Amino acid sequence: MTEDRRQVAADFDEAVNMTAGELEHWLGTDESKAVGDRSGGDESTGHESGRRITEILRKRKGDLSDDDYAHMRKVTGYVHRHLAQRPSGDVRETRWRHSLMNWGHDPLK
């Protein structure tokens, strides 16, 4: 594994704090399906990304493709940008949190 891939994997592991099972369960909820940009079709970008993240989490590191690493970079960037936009107050039932959870990060963990 190259140094770049090691760093991408470490950043991804830090950004994604939900397990594949937790994320899969979350993606099945109405709250998950109600948030995100749908300009590309019926499923939001974040929801589609969440499905992809579960696949990545279930793979062995040695089986990850270049495309997987590119998606891992995208996920890390999204999580970091979105965390910087945290609204004030209780975020438990907010679209902000639900969107982050679609991308594998629960800010309440």
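**Reading side-chain contacts**

Modeller: D66 has a relative accessibility of 58% and thus counts as exposed (over 50%; buried is under 20% and partly exposed in between, with a 1.4 Å probe and protein chains only). The model is predicted, so local features need pLDDT of at least 70 and side-chain atom pairs 80 or more, while totals for chains, interfaces and linings use all residues. Residues are numbered from 1 along each chain as its sequence is written, and side-chain values use heavy atoms, without hydrogens and water.

Biologist: With which residue does D66 form a salt bridge?

Modeller: Side chains of opposite charge can pair when their charged atoms come close. Here the partner is R5, with the closest N and O atoms 2.0 Å apart (the criterion is a Lys or Arg side-chain nitrogen within 4 Å of an Asp or Glu carboxyl oxygen). This pair joins distant parts of the chain, R5 in helix α1 and D66 in helix α5, 61 residues apart (helices are DSSP runs of H or I, at least four residues). R5 is partly exposed, at 23%.

Biologist: How many salt bridges does the structure hold?

Modeller: There are 13. Among them, K61 and D13 meet at 3.5 Å, N to O; K61 lies in the loop between α4 and α5, and D13 in helix α1, 48 residues away. R52, K59, D67 and D68 form a network of salt bridges.

Biologist: Why is the pair of Y78 and W103 stacked?

Modeller: A search of the whole structure finds one aromatic pair (ring centres within 6.5 Å; planes under 30 degrees apart are stacked, over 60 edge-to-face, the rest tilted). The ring centres of Y78 and W103 are 4.2 Å apart and their planes lie at 15 degrees, so the pair is stacked. Both Y78 and W103 are buried.

Methods. Phe/Tyr/Trp six-rings, centres within 6.5 Å; stacked < 30°, edge-to-face > 60°. Helix = DSSP H or I, 4+ residues; strand = E, 2+ residues; numbered from the N terminus.
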